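Welcome! Have the sequence and the 3D view open, and let us walk through the fold together, piece by piece.

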Amino acid sequence: LQFWDGFKFTKTINEVPDMYSPNGTKPVKAAFVILVRNTELIGMRKAMQSIEDRFNRKHNYPYVFLNDVPFTEEFIEGTRTMTRAKTSYGLIPKEHWSYPDHIDVDLAKQKYKEMGENSVHYGATESYHLMCNFQSGYFFRHPLLEEYDYYWRIEPNVEYPCDIDFDPFLHMQNGNYKYSFTITLYEYPNTIPTIWSAVKEFIETYPELIPERNAFQWIARDGGKKYTGCHFWSNFEIADLRFFRSKEYITFYDFLSSKGGFFYERWGDAVVHSLAVALFLQKEDVYWFKDLGYFHHPWTNCPLGDEWIKRKCTCTQDTLLNSQTHKYAECGFVWDKLPGKDDKVDLNEPLY
Ligand code: GDP
Ligand code: MN
């Protein structure tokens, strides 16, 4: 790859022997993947401390850090020292973090201003648009991820408030799951005014890419007239990279990209990933980690009942923003209502 060879764009350090898999063989080809800024070092150390304590000190899955500017020595030193696992640092190629040729940059900037005036969440922030575009269409193409089948997305300042006494990567691989989540929410409609018409046009244009069974009911309201807004909160995400590298996903991303909504509107990667999951996968391909404690401001997934004791959780079960109980997170429970492979039900019956 041209942007890769001959440049000191990446660094891999911490190649220490791993006491849990001494031959360097891991049961799953998997890594944590973190897009992060140099300025977020403290939050990154907090997140790493949490995931190491609750899970990874027993597994030593590697970390891949990605950034649109080179990582500083301080950031590298400050993260490398939080784990015994391998840590790698990659620079994102410019063409994965810039405006596509078909975007009118002046128009985009005009739109950012209007979105700011209309209080569109992050709509006025140029870097956020580039970030969402990257997380939607490019992260899985980074050369540092080439050797992996599965990734677990982490962000600075997230917290894992319960013991994770199983291996979620292994669970994904053994169950042949393609995607997983902890929290689902409704998207703010004013970030995605035209995305549903783009999705409908995509379905009409590429019917051969849409399998007979999928999870369309989860995203379709009023018989398909509207998007439900349901999306998996992608700041936590454990998924099969081969899903994102697939012809179906890439074609979907390219189609959405051509519509301009990553810049003229504020389409987020959570919605884009979720729409793709609902179009191309079926219920059985997706796993809901209900008992995996997770916090990203302001939402928590805090296990209920005995699980809370058993898993040594430090989250508050009855917090208003616990996705296990909150109305705004009901998309998860609608997901549960989706008919399974063996259920004899009308696939066109609306769930909403
Ligand atoms: P929010 O979760 O939607 O409020 O957005 P965040 O600010 O947490 O951003 C999502 C992820 O992208 C986090 O891991 C950030 O560290 C990362 N991120 C956001 N903007 C940038 C950026 O401009 N450069 C880099 N390198 N990372 C970014
Ligand atoms: Mn975040």
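E74 is exposed, because 10 other C-beta atoms lie within 10 Å. Here a residue is called buried if 20 or more other C-beta atoms lie within 10 Å of its own, exposed if 12 or fewer, and partly exposed in between, with C-beta atoms placed from the backbone. E74 is found in helix α2. Helices (H or I, at least four residues) and strands (E, at least two) are DSSP runs, numbered from the N terminus. E74 and N38 are 36 residues apart along the chain, and their C-alpha atoms are separated by 8.3 Å.

Before going on, a word about the model: it is predicted, so local features need pLDDT of at least 70 and side-chain atom pairs count only at pLDDT 80 or more, while totals for chains, interfaces and linings use all residues. Residues are numbered from 1 along each chain as its sequence is written, and chains are lettered from A and ligands numbered from 1 in the order in which they are written.

## Strands side by side

Let us look at strand β3, residues 63-67. Of its 5 residues, 4 are buried, so β3 is mostly covered. Strands β2 (residues 30-35) and β3 run parallel and are joined by 4 bridges; two strands count as paired if DSSP finds at least two bridges between them. Within this pair, I34 has F65 in β3 as its bridge partner. How does the chain get from β2 to β3? It passes through helix α1 (residues 41-54), in a β-α-β crossover that is right-handed. Right-handed has a clear meaning: with the strands pointing away from the viewer, the path from the first strand over the helix to the second runs clockwise.

β3 also pairs with strand β4 (residues 87-91), in the parallel sense and over 5 bridges. There, V64 has S88 in β4 as its bridge partner. The chain goes from β3 through helix α2 (residues 73-80) to β4, and this β-α-β crossover is right-handed.

V33, which lies in β2, has R153 in β5 as its bridge partner. Is V33 buried or exposed? It counts as buried, because it has 26 C-beta neighbours inside 10 Å.

The next pairing has another direction: β5 and strand β11 (residues 237-240) run antiparallel, joined by 4 bridges. In this pair, Y151 stands opposite A239 in β11.

## Helices with two faces

Helix α3 (residues 105-117) has 13 residues and reaches 19 Å from its first C-alpha to its last, close to the 18 Å expected at 1.5 Å a residue. The expected span is 1.5 Å times one less than the number of residues. Which residues of α3 are buried? They are K111, Y112 and M115. They cover an arc of only 110° around the axis, so they sit on the same side of α3; the arc is that of the directions from the helix axis to the C-beta atoms. On the other side of α3, the exposed residues are D106, K109, Q110, K113, E114 and E117.

Now try helix α6 (residues 195-205), where I195, W196, A198 and V199 are buried. Seen down the axis, the buried residues of α6 fall within an arc of 155°, so they line one face of the helix. The face turned away from the buried side carries S197, E204 and T205, which are exposed.

## Around the ligand

## Backbone exceptions

Most residues other than glycine have a negative phi, and most peptide bonds are trans. N176, however, has a positive phi near 55°, and it is found in the loop between α5 (168-174) and β6 (179-181). N176 counts as exposed because it has 9 C-beta neighbours inside 10 Å.

The peptide bond from H297 to P298 is cis, with omega near -5°. P298 is found in the loop between β13 (294-296) and β14 (299-301).
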